[in-house]
Amino acid sequence: MTATHSTRMLILGSGPAGLSAAIYGARAGLAPIVVQGIQPGGQLTTTTDVENYPGFREVIQGPWLMEEMQAQAEHVGAQMMWDTIVEVDLSQRPFRLVGDGGHVYLGDTLVIATGAQAKWLGLDSEQKLRGQGVSACATCDGFFFRGKKVAVIGGGNTAVEEALYLTNHSHDVTLIHRRDSLRAEKILQERLFKHHGIKVLWNTEVAEFVGGEGHQGLCALELRDTRTGELSRLDVDGGFVAIGHHPATELFKGHVDLDEDHYIKVEPGTTRTSVPGVFACGDVMDKIYRQAITAAGTGCMAALDAERFLAEADFEAEAIAAE
Ligand code: NDP
């Protein structure tokens, strides 16, 4: 049997952004409902060591952090729902979302926190060595490669920023790009080319990530020249794939404004989307910082923005009723 659930604040997504919005929304008395989606807990549930989330002296585990965040959200009154939304109607309030089993969710406000997924090259060896030398986030994992040889794959802003960032930890950074020119902004390119600790391999792609015999994790990359097909080997301890992300916005195409990279557009300095009463937070609207702590921060902002929106809407409704 299908059910209809109504709330003042409907939250879609249960990573740090969605759960932070839930904690703030619940404490503001909005009794939020969080629809968790296909990856409850979000990207942190697929990582292991987390060393940069404030408040923890020792290394913590990503899945544990998300369990704690969820427990905290439930403790203050948020309700979790395990469902996959397949249909949205944002043309009027309450906003209406429908799950794949037919359950209906009505929200006076909607917080979109569906996140993003890193793009991967799609090699079996890449998946096998993920978390063992292969990563898609230098800011998260670069620290674990202090004094070691690392490579970054990609030619956009993210790849160049990650290569520059990694020079804080490593004196041997290689940027590997499949073409002979970068897509990154000129200013970043200049900083990259000036840096003595970074070399660039042009017209090169990764054919395999190589794990060593008796060696824990990645020890080399097998490279292919994209013009000649010639293979070569580069010894590295860390390989950072930085070829872009897919924001999870498919559901919202045509309902809220997206930018050219398919991220949800928000008014600068807020989480307000093009639809009044719909807010976006976390990686689904942030292609620059993409950290758990920034996602949590924008989740808090979304709850505060939603709370203000409801207060104003209630005030207007009362004024109209009094006329
Ligand atoms: P981009 O899509 O801009 O760049 C992806 C890079 O990866 C490209 O160089 C592309 O190569 C390469 N690539 C894609 N697929 C493959 C593949 N299968 N094999 C090898 N290489 C591949 O992604 P970014 O994450 O860099 O940036 C996304 C957006 O976020 C951009 O709009 C960017 O400007 C923005 N951004 C802004 C920042 C800032 O302002 N500080 C920081 C980070 C991102 P090719 O060039 O050949 O297509």
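Start by selecting what covers helix α5: α4, β11, β12 (172-176), α6, β13 (198-201) and β17 (238-241) are included in the cover over the buried residues of α5. Helices here (H or I, at least four residues) and strands (E, at least two) are DSSP runs, numbered from the N terminus. The model is predicted, with local features needing pLDDT of at least 70 and side-chain atom pairs counting only at pLDDT 80 or more, while totals for chains, interfaces and linings use all residues. Residues are numbered from 1 along each chain as its sequence is written, and side-chain values use heavy atoms, with hydrogens and water left out.

**Stop 1: inside α5**

Now pick out Ala159, Val160, Glu162, Ala163, Leu164 and Leu166, which are buried residues in α5. Buried means under 20% relative accessible area, exposed means over 50%, and partly exposed lies in between (1.4 Å probe, protein chains only).

Helix α5 (residues 157-166) and helix α6 (residues 186-194) have axes that come within 10 Å and cross at roughly 35°. Axes are lines fitted to C-alpha atoms, for helices over the stretch in contact, and angles run from 0 to 180 degrees between N-to-C directions.

Which residues of α5 meet α6? Show Asn157, Val160, Glu161, Ala163 and Leu164 from α5, then Leu188, Arg191 and Leu192 from α6. Contact means heavy atoms within 4.5 Å. Sorted by type, the residues where α5 touches α6 are 5 nonpolar, 1 polar and 2 charged. For that sorting, Ala, Val, Leu, Ile, Met, Phe, Trp, Tyr, Cys and Pro count as nonpolar, Asp, Glu, Lys and Arg as charged, and the others, Gly among them, as polar.

**Stop 2: α1 and its two partners**

Hide all that and select helix α1 (residues 16-27) with helix α2 (residues 62-75): their axes come within 9 Å and cross at roughly 25°. That makes α1 roughly parallel to α2. Angles under 35 degrees count as roughly parallel, over 145 as roughly antiparallel, 65 to 115 as roughly perpendicular and the rest as oblique. The α1 and α2 crossing is left-handed. To see the contact, show Pro16, Leu19, Ala22 and Ile23 of α1 together with Met66, Met69, Gln70, Gln72 and Ala73 of α2. This α1 and α2 set has 7 nonpolar residues, 2 polar and no charged.

The axes of α1 and α7 are 7 Å apart, and the helices pack at an angle of about 40°. They are therefore oblique to each other, and α1 passes α7 in a right-handed crossing. On the α1 side, select Pro16, Ala17, Ser20, Ala21, Tyr24 and Gly25; on the α7 side, Ala292, Ala295, Ala296, Gly299, Cys300, Ala303 and Leu304. How many residues of the contact of α1 with α7 are charged? None: there are 10 nonpolar, 3 polar and no charged.

**Stop 3: the cores**

A nonpolar core is a set of buried Ala, Val, Leu, Ile, Met, Phe, Trp, Tyr and Cys residues joined through side-chain atoms within 4.5 Å. In the largest one, which has 30 residues, Met9, Ile11, Ala73 and Val111 touch the most other members. At least two residues of this core come from each of β1 (4-12), α1, α2 and α7 (292-322), and α7 gives the largest share, 7 residues. Zoom in on Ile11: leaving out residues up to four places away in sequence, Ile11 touches Gly18, Ala21, Ala22, Pro32, Ile33, Val34, Val35 and Val111. Then look for a second, separate core of 22 residues, with Leu10, Ile112, Phe252 and Met285 among them.

**Stop 4: a few loops**

Head to the loop between β6 (85-89) and β7 (95-99), where you'll find Pro94. The peptide bond from Arg93 to Pro94 is cis, with omega near 0°.

Ala31, in the loop between α1 and β2 (33-35), has a positive phi of about 40° although it is not a glycine. Ala31 is partly exposed, at 48% relative accessible area.

Finish at Gly147, in the loop between α4 (138-141) and β11 (149-153). Is Gly147 buried or exposed? Gly147 counts as exposed, at 65% relative accessibility. Select His171 too: the C-alpha atoms of Gly147 and His171 are separated by 6.7 Å, with the two residues 24 apart along the chain.

Methods:
A crossing is left-handed if the near helix is turned anticlockwise from the far one by less than a right angle, and right-handed if clockwise.
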